[in-house]
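Subject: Structure handover

Hello,

Here is the structure for your files. My notes on a few of its residues follow below.

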Amino acid sequence: VLEKFQNEIEQVKTLDDLNRLKGKYIGRKGQLNDLFKEITQLSPDEKKDLGQKINHLKGLIDSRLQEKLKELTQKLKPSSKVDISLPGKKSWVGSLHPIQLTCHQILTIFHSLGFRIESGPEIESEYYNFEALNFPPDHPARDAQDSFFLDEEYLLRTHTSPAQIRIMQKLQPPFKVVVPGKCFRRDAMDASHSPMFHQVEGLVVAESISMGDLKGTIEIFARRFFGSDRQLRFRPSFFPFTEPSAEVDISCGLCQGKGCRSCGQTGWLEIMGAGLVHPKVFENAGYDPHQVRGFAFGMGIDRAALLKFDIPDIRWLFENDMSFIEQFQAIQ
Ligand code: PHE
């Protein structure tokens, strides 16, 4: 009997199995009780002897059953008991990428100044990207070395300015629009260049617009975006699609114009190109250059993010290292 029992208890895996086994051997109708019944006919001496043996056997079986019970309940413990002292799992809350965050902040300011938000295609024709914007046929930017051409005619836009033409073809003046989006140039990646980057184009067209309107608008924007302590500087420059043209610098926040490493010792940081819309561009868009005037600007969003948040390397914006990205959660 003991041998059979020992074989069977090895097979037991659940508490139910164990109870069944217990009933089979030492339960009221179990095998040991049957044995007790069988010995009642024997002589008193034999009864005593066998009775003791059966009781010993019962003891062995019982203690083995107890052992097995302990074993099984120990195994069950982890899943049947909740440890309320363990710290809970925190769920990850998503947030805006610093580029998106910067873009939203820029657009919000222009929106509050009455600008509407438009978009343009990332794949542009050579016509919209260069020709309509008055780039001469031999302009170096048109070279395949500088731009990502897809075929003879189409390329990845090198700036958001082609959207100027598309907007003018679509809207009737007066209007004020900003166009955010991705741009692409064949630049090697380094601390301040990325072959893919972001710009916001601005375009205002009305009956009479002057350089003063451009300066006023950019100044309001820059004070709100970078802080009222920063100075602005307009430098004469050249773009084929604006006349006059300017580059806009902001005073370096780290050295307050004295010159430091982050501004290349000049005290100034360039934030955008701008100017009054060239008459040729109005003509190409189907407007009468004698009837309308306008100003336009193009600003690097990634660059604006670097300047505003003191990020030393543009590549940080594209590596998506969580320990960097997470820091922008607090300012959403
Ligand atoms: N498209 C120019 C650039 O990418 C910026 C610009 C936009 C200049 C609008 C003037 C007017 O450098």
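Cys 252 is buried, at a relative accessible area of 1% (buried is under 20%, exposed over 50%, partly exposed in between, with a 1.4 Å probe and protein chains only). Its sulfur lies 3.7 Å from the closest cysteine sulfur, that of Cys 255, which is too far for a bond. Cys 255 is in no disulfide either, with the sulfur of Cys 263 nearest at 3.6 Å; a disulfide here is a pair of cysteine sulfur atoms within 2.5 Å. Cys 255 is also buried, at 8%. The whole structure has zero disulfides.

This is a predicted model, in which local features need pLDDT of at least 70 and side-chain atom pairs pLDDT 80 or more, while totals for chains, interfaces and linings use all residues. Residues are numbered from 1 along each chain as its sequence is written, and side-chain values use heavy atoms, without hydrogens and water.

Arg 157 is in the loop between β3 (154-156) and α7 (162-170). Arg 157 is buried but has no salt bridge, and Glu 122, the nearest side chain of opposite charge, is 4.8 Å away. A salt bridge needs a side-chain nitrogen of Lys or Arg within 4 Å of a carboxyl oxygen of Asp or Glu. The Arg 157 side chain does reach the backbone oxygen of Pro 121, at 3.4 Å.

UniProt, in an unreviewed entry, places a "binding site" feature at Glu 243; such annotations may be inferred rather than shown by experiment. Glu 243 lies in strand β7 (residues 242-251) and is partly exposed, at 47% relative accessible area.

Regards

Conventions. Helices (H or I, at least four residues) and strands (E, at least two) are DSSP runs, numbered from the N terminus. Lys and Arg count as positive and Asp and Glu as negative; His and the chain ends are not counted. A polar contact is a pair of N or O atoms within 3.5 Å; within protein, one must be able to donate a hydrogen and the other to accept it, and residues adjacent in sequence count only if both atoms are side-chain atoms.
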